[in-house]
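Biologist: Let's look at this model together. I will ask how you know each thing.

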Amino acid sequence: MRALRIYHAGRDAAHRERDRALVRAGLEIVLIVPRVWPEVDDVHEEPFEIVELPVRHPGDVNRHTYADPAAIADLVARTRPDVVDLHEEPFSSITHQMLKVLPADQRVVGYTAQNIDKRFPPPFWVWERQAFTRLNGLYPCSRQAASVAVGKGYRGPVEVLPLGAAPVMTPGAQTPPHGELNLLLVGRLIPRKGIVDAVQVLIDLQDVGARLHLVGEGSEVATARELAARAGVADRLKISAWMSAPALARCYQRAHVVLTPSRSLPTWTEQFGRMVVEAQACGAVVVGYASGALPEVVGAGGLLVADRKSGV
């Protein structure tokens, strides 16, 4: 069986583990990725073909498109896949573009993490409806997302496929936090991810030797530094940009607690939380808000408190 996968995050080696698993299961895989995409960038030789193509609006998950869709049509004609896997949201610009390019009889499956039942502005709600009619299968990453898709009218096969941790995410050798408590937050450093709340946890726990490591990029970096400085804990706060999977694994393996203080908004709530499964694979305890899919993903392997909703 031959599959052609289209995935904006495929430049990250950790996110290609699904493709490796498919190859191990006996499939032939061709993966299309953007030639340029922010965040982790690690394209190297794999047991499958990777095709890099230029995109418009790199970094915009739901609005990016390929600059030359004809190149993908040519690739489909060359590879003749049994299935095209659009690892993109049904309402996205890229899904709309690809469904226009693909032959009418091509079997296509898609992904969704959208776990709020909301109507998108035009033309996105129209594209979503068209995609739900066209897709031959859907693999949401959570039961919440599956419920939303079915509630919006998708009637094809649905199989929930949770996101996983890369093989490099293995248990660390954390010792009981006597004298030093290592806190970690991994993700986009933006308001809805609760960055200020994480720094406040550091401030509240400074008497027990807490240290906080933020890994990611975003608009809250300066705010986090200022808040820590005002509270006198600037020397206990470390901020790092996006890392490769091996480097990130080492961070998880040193952490006692991984914070997930994501705040629900009227138009967004935590859709999965890959950092949860990564943290658990590395032996860290997950503590955060019961936001969106987090209760489903964390399960009994962490501690969640009431979601601190935000209007930010």
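Modeller: What follows is a short talk about strands and cores in a predicted model.

Biologist: How do you know that strand β12 and strand β13 pair?

Modeller: Two strands pair if there are at least two bridges between them. β12 (residues 257-260) and β13 (residues 285-289) have 4 bridges, so they count as a pair. Their sense is parallel. V258 has V286 as its bridge partner in β13.

Biologist: What makes β13 and strand β14 a pair?

Modeller: The rule of at least two bridges applies again. β13 and β14 (residues 302-305) share 4 bridges, in the parallel sense, so they pair. Here V286 stands opposite G302 in β14. In β13, V286 is also the partner of V258.

Biologist: What makes the largest nonpolar core a core, and which residues have the most contacts inside it?

Modeller: Core residues must be buried and joined through side-chain atoms within 4.5 Å. The largest set has 29 residues, and those with the most contacts inside it are L184, V186, L248, Y252 and V258. Helix α8 gives the largest share, 5 residues.

Biologist: What does Y252 touch?

Modeller: Its contacts beyond four places in sequence include L184, V186, V258, M275 and A279.

Biologist: Which residues does the second core include?

Modeller: That separate core has 25 residues, among them I6, I32, L135 and A149.

Terms used: Residues are numbered from 1 along each chain as its sequence is written. This is a predicted model: local features need pLDDT of at least 70, side-chain atom pairs count only at pLDDT 80 or more; totals for chains, interfaces and linings use all residues. Side-chain values use heavy atoms; hydrogens and water are left out. Helices (H or I, at least four residues) and strands (E, at least two) are DSSP runs, numbered from the N terminus. Buried means under 20% relative accessible area, exposed over 50%, partly exposed in between (1.4 Å probe, protein chains only). Contact means heavy atoms within 4.5 Å.
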